[in-house]
Amino acid sequence: MEAAALAIVGVAYSTSLSVTGGTAPYTFAATGVPAGLSLAASSGILSGTAAGTSVSTIVVTVTDASGLTANKTLSLTATTTLSISTASVARSAILNPYTQTIVATGGVVPYTFSLSAGSLPAGLSLSSAGVI
C-alpha cells in the first residue's frame, strides 16, 4: 500500500491505496487520518479536504476476502499553499553592498529559490536560499 505524501489545506485531495497479494475484495480501515480526510473502506480511496496543517502518521489495515490482514504506516503532510510573502525589495544604490532575503510561507521546507523570469541588475544574484 502506498499513498501520496502531501495534501494542501483547503484543496480537494484524493489518492487510491493499492494492494498486492491476498484475495479480493479488500476492506480498508485507518487510524490517524487528518481532519477533513477519510478512507473509503471498500475502495481504499483516501480523500477529502484537509482542514488544517499537520504531519500525520496513518496506520492502514487491509483485510482480504480470506480474513488475512496487513498493516502499513504512511506519513501524510497537510500544508498550506506555497507562496512568496516578500512583497517588495529594498532600493539599492550603485556600488553599495546589498542583501535582501526573500521569504516564503506554506509548502514544505526547505525551500529552493530561483528566478522564473527576468533578471537581477548586474552584480546581483539570487541564492537558492532566497538571498539576493
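Trainee: How many bridges join S3 to strand S6, and do they run parallel or antiparallel?

Mentor: Strands of a sheet pair through backbone hydrogen bonds, in either a parallel or an antiparallel manner. In this predicted model, S3 and strand S6 (residues 54–63) run antiparallel and are joined by five bridges. Thr-27, for instance, has Thr-63 in S6 as its bridge partner.

Trainee: What is the order of the strands in the open sheet?

Mentor: The open sheet has four strands in the order S1-S7-S6-S3, and the pairing is mixed. Strand S1 (6–8) and strand S3 (27–31) are the edge strands, each pairing on one side only. From one strand to the next, the twist averages 30 degrees.

Trainee: Which residues have the most contacts inside the largest nonpolar core?

Mentor: Nonpolar side chains tend to be buried together in soluble globular proteins. Here the largest core has 14 residues, and those with the most contacts inside it are Tyr-13, Leu-17, Phe-28, Leu-39, Leu-46, Val-60 and Leu-76. Strand S4 (37–39), S6 and strand S7 (69–79) each supply at least two residues of this core. Another core, of five residues, lies apart from it and includes Tyr-98, Ile-102, Ala-104 and Phe-113.

Conventions: Residues are numbered from 1 along each chain as its sequence is written. This is a predicted model: local features need pLDDT of at least 70, side-chain atom pairs count only at pLDDT 80 or more; totals for chains, interfaces and linings use all residues. Side-chain values use heavy atoms; hydrogens and water are left out. Two strands pair if DSSP finds at least two bridges between them. Axes are lines fitted to C-alpha atoms, for helices over the stretch in contact, and angles run from 0 to 180 degrees between N-to-C directions. A nonpolar core is a set of buried Ala, Val, Leu, Ile, Met, Phe, Trp, Tyr and Cys residues joined through side-chain atoms within 4.5 Å. Buried means under 20% relative accessible area, exposed over 50%, partly exposed in between (1.4 Å probe, protein chains only).
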